[in-house]
Amino acid sequence: MVKYIFKRLGSMVVILLIVSLFIFSIVYLIPGDAATAVLGMEASAEDIANFTARMGLDQPLWVQYGRWLGGILTGDFGDSIFMRRPVLEAIGEHLPPTVSLAIFAQLIALFLSLPAGIVAAYKKNTALDKGVLFFTLLGTVFPSFLLALFLMLFFSVQLMWFPVAGYSRLENGLWEHLRFLFLPALSLGIAQSALITRMTRASLLEVLHTSYIKTARAKGLREGKVVMKHALKNAGLPIITTIGQSFSVLITGAVVIESLFAIPGIGRLILNSISRRDLPIIQGIVLVVTVFYVVINIIIDLLYGAIDPRVRLDKE
Amino acid sequence: MNTAILKKLSLPFFAALSLTLAGCGTETNNTNNGEGAGTQQTNENGEGAETVEFRDELNIAMTAQPPSLDAPRTASNVAINIAAHIFEPLFSMNENYEVTPDLALGYEVSVDGLVYTITLREGIMFHDGSELTAADAVASMNRWLLVNGRAGNALAGSVFEQVDDYTLTLTLEQPFGDVMQIMASRATFAIIMPEELALELDEDGAPAVLETFIGTGPYEFNEWRQDQFIHLTRFEAYEPRGEVASGFSGMRAAYTPNLFFHFVSDVNTRISGLRTGQFDIAEDIPFENASDLQNADGINLHTRNAGILNAFFNTTEGILSDPQIRHAILAGMNNEEIMIGGYSSTDYFTLNHGFTNPSQQQWAVDAGVDAYNQNNQDLARELLAASDYNGETIRLLTTRDYISMHNATVVLDAQLRALGFETEIINVDFPSFMERRSTTTDWDIFITSNGYNILPTQILALDPNWAGFDSEFVAQAIQDVRLAPTQEAATEAWAGLVGYVYENAAFTPIGHFKNAMATSDQVEGFVFFDHPVYWNARIPR
């Protein structure tokens with residue numbers, strides 16, 4: 001198990017190198033520069049030239065990449081060109097809203113999807129099943145930003161139940177924190193729940209007709225126990241994978257939703273940084289996101305082993 | 001079991017959760033309209049008034065986060081808008097674009113026009129508790145010449161020196177007539193800060209970028225939450241000028257104790273926030289939304305003449321380096337149609353051939369009026385037929401990031417096609433647009449919206465680096481305007497320059513656009529001059 005984790009972490013280093021070089025090249029090759037973003041459209045040529053030289057942006061790509069890589073090895077991710085502060089500090093500041101939003105959205109997704117998926121599978125081919133399928137289809141195809149706009153219009157503008165936009169730190173109180181995050185989390189949660197519902201239904205359907213479920217029923221177990229304990233546990237691997245992937249998507253930044261609701265999270269930071277051509281921040285976020293993905297995947301793999309004793313990671 | 005599972009369905013949970021969340025608590029300081037104790041007994045007209053209590057906060061939704069509050073370093077409007085509440089200049093412009101003393105008491109000019117002696121007001125305090133002296137002003141103004149490219153170029157070779165505690169001089173190399181306008185202009189914003197801050201150097205020995213924001217303004221810097229908001233608080237030791245508030249000058253009363261500048265990039269969110277009262281003011285309202293807000297209850301829409309939508313022709317390279325083809329385009333352009341494409345309604349623009357704000361009468365000249373908005377397609381086709389044009393593709397560079405510029409380009413493209421040109425629209429993101437625009441190989445025409453400049457010689461369109469229009473005549477004419485002994489002589493030289501640009505069809509204003517922003521109808525004392533002014537804005541309790 002330990003060997004497996006180290007092996008996965010080792011491969012992460014190679015992934016990080018490839019991804020960073022790729023992103024560095026893309027951002028370098030696309031036209032536009034940070035000087036215009038910082039100094040404004042009407043900045044003079046002298047100001048732009050001075051800024052570019054001061055930030056070292058006039059150096060060749062390999063020099064800039066080498067300097068950046070050297071910094072990473074010593075734990076220095078560089079400074080944001082736009083914000084003029086350490087990259088890790090900027091990412092650290094933008095991470096809490098995204099983590100909170102991701103957890104809240106994921107909880108909403110699970111509250112919606114697991115019961116719906118179970119009911120749909122159990123009541124296969126009934127009106128209830130078809131209804132659930134219809135809504136999951138709608139959730140899959142309906143863009144979350146559009147749903148967010150409808151939710152904002154109804155709950156914030158009409159009913160005035162929730163703030164239109166903004167973010168309140170956890171230090172200001174949990175309920176206040178959640179109040180600001182509720183609509184964005186609901187927008188994201190509904191979209192994610194569609195996927196998880198479909199996966200839950202499909203996985204459970206496969207299991208519900210197996211012989212050990214018949215055996216469990218024959219033993220006289222209650223239906224609730226049969227479904228929740230025997231069926232769901234054995235149908236769990238694909239569901240957990242989907243939940244993990246869904247969480248990865250959420251944690252790496254809901255770009256549109258964060259911008260729409262003015263949440264100062266990672267998604268908004270990366271969107272702004274791309275338009276500002278703020279390469280150190282883009283690189284930093286890509287590294288952090290890649291680490292998140294790999295770590296979440298390792299956790300999912302470990303959960304496989306915990307849920308299904310047949311899966312033995314250390315035998316790979 | 002079935003019912004058991006159904007009972008576990010989360011709908012009741014969500015209903016309960018949403019009601020609980022909606023009902024609980026009060027809004028946090030970053031978004032509420034807190035009802036504190038802003039109280040004032042004088043108004044922005046400098047008159048005594050009955051005691052009125054105002055709300056504790058004003059919440060302003062801006063489009064973007066500024067790159068810095070070091071205003072002279074950036075031409076970013078959002079930076080200047082916020083910084084103007086923290087820092088003050090020696091001189092500023094009133095609503096008639098006249099230079100008026102701000103931190104200065106007054107000034108005198110030597111007979112040869114080379115030495116300006118400026119006296120400071122006494123007893124002005126910085127936010128750190130120190131008193132403003134000439135040493136601070138000299139260090140700040142010399143820093144300004146170094147960090148602001150436009151000011152540094154315009155006043156090259158000039159130096160500020162201290163005479164005594166409250167007097168300083170500016171010595172010029174040439175007797176330019178626009179020195180005071182440059183010092184008072186918001187575009188070059190000459191802010192005053194404590195000497196030690198102004199003299200801070202970075203590792204390369206150049207003036208350091210400001211990280212601490214200490215000025216003399218009516219508000220002091222409190223907090224900057226990245227990508228969220230900037231919070232300013234009233235500076236209690238502020239000494240306002242006694243004159244009536246006008247433009248950027250006169251009384252700054254700071255009725256509202258706290259100003260929150262929120263960064264809300266999505267326009268629908270800014271508008272929704274204004275409708276619900278979460279924001280009191282929403283900046284940058286696109287005109288397609290403005291018409292909805294015009295008649296909305298509880299909301300006031302504010303517009304102002306903001307700048308010029310210009311079409312630039314590539315006079316250096318490519319097919320449009322042939323002046324006859326440029327004249328053909330100029331002849332065929334229907335400017336009103338293009339402006340409607342960009343700004344949706346005639347309410348939001350005016351047609352005017354001038355390169356400056358029509359309110360600045362001293363620069364309003366007739367030169368070029370016949371060449372502007374000719375809308376004569378027959379003449380255009382005639383000129384085109386007589387030219388060397390052989391169906392080459394004309395590349396119109398644009399960006400969807402600025403929708404007015406993009407839509408106007410689409411209309412111009414259609415007009416050019418109707419005249420018989422082959423065209424291609426190159427649509428890229430804004431940074432790419434700026435990069436391509438800076439070279440003369442990647443485009444034939446581009447359209448940009450350019451904000452007004454106080455000084456005509458600062459107009460970006462005349463800068464050879466903007467669209468490659470590099471002419472000795474223009475460079476000389478700019479010098480003539482600047483060195484003219486009287487305003488009449490300057491205006492005459494300016495008319496010659498405008499006429500030259502039209503004769504060469506180097507670029508043309510398409511029209512003058514307005515900017516819109518919206519406020520709650522409870523907001524009083526708000527002024528939408530060249531930039532929004534919040535230091536007298538307040539909401540009575």
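Predicted model: local features only at pLDDT ≥ 70, side-chain atom pairs only at ≥ 80, totals over all residues.
**Exercise 1. Determine where Arg84(A) is placed in chain A, and whether Arg84(A) counts as buried, exposed or partly exposed.**

Step 1. Arg84(A) is found in the loop between α4 (61–73) and α5 of chain A.

Step 2. Arg84(A) is not a glycine, yet its phi is positive, at about 50°.

Step 3. A residue is buried if 20 or more other C-beta atoms lie within 10 Å of its own, and exposed if 12 or fewer do. Arg84(A) has 15 C-beta neighbours inside 10 Å and therefore counts as partly exposed.

**Exercise 2. State which loop of chain B holds Asp284(B), and describe its phi.**

Step 1. Asp284(B) lies in the loop between β13 (281–282) and α9 (287–294) of chain B.

Step 2. Although Asp284(B) is not a glycine, it has a positive phi of about 50°.

Step 3. With 19 other C-beta atoms within 10 Å, Asp284(B) is partly exposed.

**Exercise 3. Describe how helices α8 and α11 of chain A pack.**

Step 1. Helix α8 of chain A covers residues 174–208 and helix α11 of chain A covers residues 236–251; they pack at an angle of about 165°, and their axes are 9 Å apart.

Step 2. Angles over 145 degrees count as roughly antiparallel, and α8(A) is therefore roughly antiparallel to α11(A).

Step 3. The crossing in which α8(A) passes α11(A) is right-handed.

Step 4. The residues that make the contact include Leu188(A), Leu195(A) and Met199(A) of α8(A), and Pro238(A), Ile239(A) and Leu250(A) of α11(A).

Step 5. Sorted by class, the contact of α8(A) with α11(A) has 8 nonpolar, 5 polar and no charged residues.

**Exercise 4. Carry out the corresponding analysis for helices α10 and α12 of chain B.**

Step 1. Helix α10 (residues 323–332) and helix α12 (residues 377–386) of chain B pack at an angle of about 165°, with 7 Å between their axes.

Step 2. α10(B) and α12(B) are therefore roughly antiparallel to each other.

Step 3. α10(B) and α12(B) cross in a left-handed manner.

Step 4. Among the contact residues are Ile325(B), Ala328(B) and Ala331(B) of α10(B), together with Leu379(B), Leu383(B) and Leu384(B) of α12(B).

Step 5. The contact of α10(B) with α12(B) comprises 8 nonpolar, 4 polar and no charged residues.

**Exercise 5. Identify which residues touch the most other members of the largest nonpolar core.**

Step 1. The largest nonpolar core has 207 residues, and Ile60(B) and Ala83(B) touch the most other members.

Step 2. Helix α5 (residues 87–122) of chain A gives the most to this core, namely 14 residues.

Step 3. When residues up to four places away in sequence are not counted, the residues touched by Ile60(B) include Leu259(B), Phe261(B), Phe279(B), Ile281(B) and Tyr534(B).

Step 4. Another core lies apart from the largest one; it has 19 residues, among them Ala34(A), Val87(A), Ile285(A) and Val288(A).

**Exercise 6. Characterise the setting of Ile299(B) in chain B.**

Step 1. Ile299(B) is located in strand β14 (residues 299–313) of chain B.

Step 2. The C-alpha atoms of Ile299(B) and Phe312(B) are separated by 37 Å, while the two residues are 13 residues apart along the chain.

Step 3. Ile299(B) has 19 C-beta neighbours inside 10 Å, so it counts as partly exposed.

Step 4. Neighbours within four places in sequence left aside, Ile299(B) is in contact with Leu274(B), Leu293(B), Ala518(B), Ser520(B) and Asp521(B).

Key. Residues numbered from 1 in each chain as written. Chains lettered and ligands numbered in written order. Axes fitted to C-alpha atoms, helices over the stretch in contact; angles between N-to-C directions. Helix = DSSP H or I, 4+ residues; strand = E, 2+ residues; numbered from the N terminus. Parallel < 35°, antiparallel > 145°, perpendicular 65-115°, else oblique. Left-handed = near helix turned anticlockwise from the far one by under 90°. Contact = placed C-beta atoms within 7 Å. Nonpolar A, V, L, I, M, F, W, Y, C, P; charged D, E, K, R; others polar. Core = buried A, V, L, I, M, F, W, Y, C linked by C-beta atoms within 7 Å.
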